[in-house]
Amino acid sequence: MNQETTPLLEPELLARLGALRVRSRGRVSGALVGKHRSKRHGSSVEFAEHKEYSPGDDTRRLDWKAYAKVDRYYIKQYEDETNLRAYIVLDTSGSMGYGEGDSRKLRHGSRLAAALAFLLLREQDSVGLIAFRDKTTHYSPPRGEKGYLNELNRTLH
């Protein structure tokens with residue numbers, strides 16, 4: 001098989017990726033609920049901290065147990081979880097043509113990009129693709145739909 005007919009994500013590779021998860025190190029900001037820590041505070045099961053009450057705060061979040069102990073009003077704050085928006089950037093310059101057939105650097109880079117896209121989409125995150133030589137040669141905006149992986153794979157091929 002040549003590189004055009006060899007799939008980027010073979011079943012063996014997908015099986016090896018099965019246990020991997022993508023997690024952000026820092027906080028992310030997004031509009032949808034997801035699995036990554038957010039810059040925003042919201043209502044969630046993940047308690048973050050107490051904040052001293054100030055006029056205008058939502059009184060439904062008062063921690064009455066803390067008030068009973070210290071005779072001061074505190075607001076419970078929780079971590080809000082959100083989706084991750086990721087961009088995969090792939091170098092397609094002439095130096096990526098080094099090697100032969102499936103051993104070319106560009107082929108390995110494309111397989112890595114496809115695997116990363118698979119992991120991100122499986123976590124219901126948004127992923128986009130930017131390919132460049134001297135300047136951007138291809139841009140696929142971040143999306144999180146299931147069928148988007150097929151579109152990215154066709155582009156990477």
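# Questions on a predicted model

User: Where does Gln 124 lie, and what is its phi?
Analyst: Gln 124 lies in the loop between α3 and β4. Gln 124 is not a glycine, yet its phi is positive, at about 65°.

User: Which loop holds Asp 71, and what is its phi near?
Analyst: Asp 71 has its place in the loop between α2 and β2. Asp 71 is a residue other than glycine with a positive phi. That phi is near 60°.

User: Why does Asp 71 count as exposed?
Analyst: Exposed requires a relative accessible area over 50%. Asp 71 counts as exposed because its relative accessibility is 57%.

User: In what order do the elements of the protein chain run from the N terminus on?
Analyst: The protein chain has four helices and five strands. Read from the N terminus on, the elements run α-β-α-β-β-α-β-β-α.

User: What share of the contacts in the protein chain with a separation of 6 or more comes from residues 24 or more positions apart?
Analyst: Burial first: of the 157 residues of the protein chain, 38% count as buried. Now the contacts with a separation of 6 or more. Residues 24 or more positions apart account for 63%.

User: How many aromatic pairs are there?
Analyst: Rings of Phe, Tyr and Trp pair if their centres lie within 6.5 Å. By this rule the count is five aromatic pairs.

User: What kind of aromatic pair do Tyr 53 and Tyr 73 form?
Analyst: The ring centres of Tyr 53 and Tyr 73 are 6.1 Å apart. Their planes stand at 65°. Over 60 degrees counts as edge-to-face. The pair of Tyr 53 and Tyr 73 is therefore edge-to-face.

User: How many residues apart are Tyr 53 and Tyr 73?
Analyst: Tyr 53 sits in the loop between β1 (36-52) and α2 (64-70). Tyr 73 sits in the loop between α2 and β2 (74-82). The pair links distant parts of the chain, 20 residues apart.

User: What relative accessible area do Tyr 53 and Tyr 73 have?
Analyst: Tyr 53 is partly exposed, at 28%. Tyr 73 is also partly exposed. Its relative accessible area is 38%.

User: Why is the pair of Trp 64 and Tyr 67 edge-to-face?
Analyst: The ring centres of Trp 64 and Tyr 67 are 5.9 Å apart. The pair is edge-to-face because the planes stand at 85°.

User: Which helix holds both Trp 64 and Tyr 67?
Analyst: Trp 64 is exposed, with a relative accessible area of 52%. Tyr 67 counts as partly exposed at 27%. Three residues, about one turn of the helix, separate them in α2.

User: Which residues do ring pairs link into a cluster?
Analyst: Tyr 53 pairs with Tyr 73. Trp 64 pairs with Tyr 67. Ring pairs link these into a cluster of Tyr 53, Trp 64, Tyr 67 and Tyr 73.

User: Which residues lie closest to the centre of the largest pocket?
Analyst: About 210 Å³ of space lies in the largest pocket. The lining has 13 residues. The closest to the centre are Leu 106, Ser 110, Thr 155, Leu 156 and His 157.

User: Which residues does Ser 110 contact, leaving aside its neighbours within four places in sequence?
Analyst: Ser 110 is in helix α3 and counts as buried, at 4% relative accessibility. Its C-alpha is 9.5 Å from that of Thr 155, 45 residues apart in sequence. With those neighbours left aside, the contacts of Ser 110 are Leu 8, Leu 90 and Leu 156.

User: What do the buried residues of α4 pack against?
Analyst: Buried in α4 are Tyr 148, Leu 149, Leu 152, Asn 153 and Leu 156. They cover an arc of only 140° around the axis, so they lie on the same side of α4. These buried residues pack against β3 (85-91), α3, β4 and β5 (136-143).

Technical notes
Residues are numbered from 1 along each chain as its sequence is written. This is a predicted model: local features need pLDDT of at least 70, side-chain atom pairs count only at pLDDT 80 or more; totals for chains, interfaces and linings use all residues. Side-chain values use heavy atoms; hydrogens and water are left out. Rings of Phe, Tyr and Trp (its six-membered ring) pair if their centres lie within 6.5 Å; planes under 30 degrees apart count as stacked, over 60 as edge-to-face and the rest as tilted. Helices (H or I, at least four residues) and strands (E, at least two) are DSSP runs, numbered from the N terminus. Buried means under 20% relative accessible area, exposed over 50%, partly exposed in between (1.4 Å probe, protein chains only). On a 1 Å grid over the protein atoms alone, a cavity is a set of points where a 1.4 Å probe fits but cannot get out, and a pocket is an open set with protein on both sides within 12 Å along at least five of seven lines; lining residues have an atom within 4 Å of a point. Grid points are joined across faces, edges and corners, and a volume is the space filled by probe spheres set on the points. The arc is that of the directions from the helix axis to the C-beta atoms. Contact means heavy atoms within 4.5 Å.
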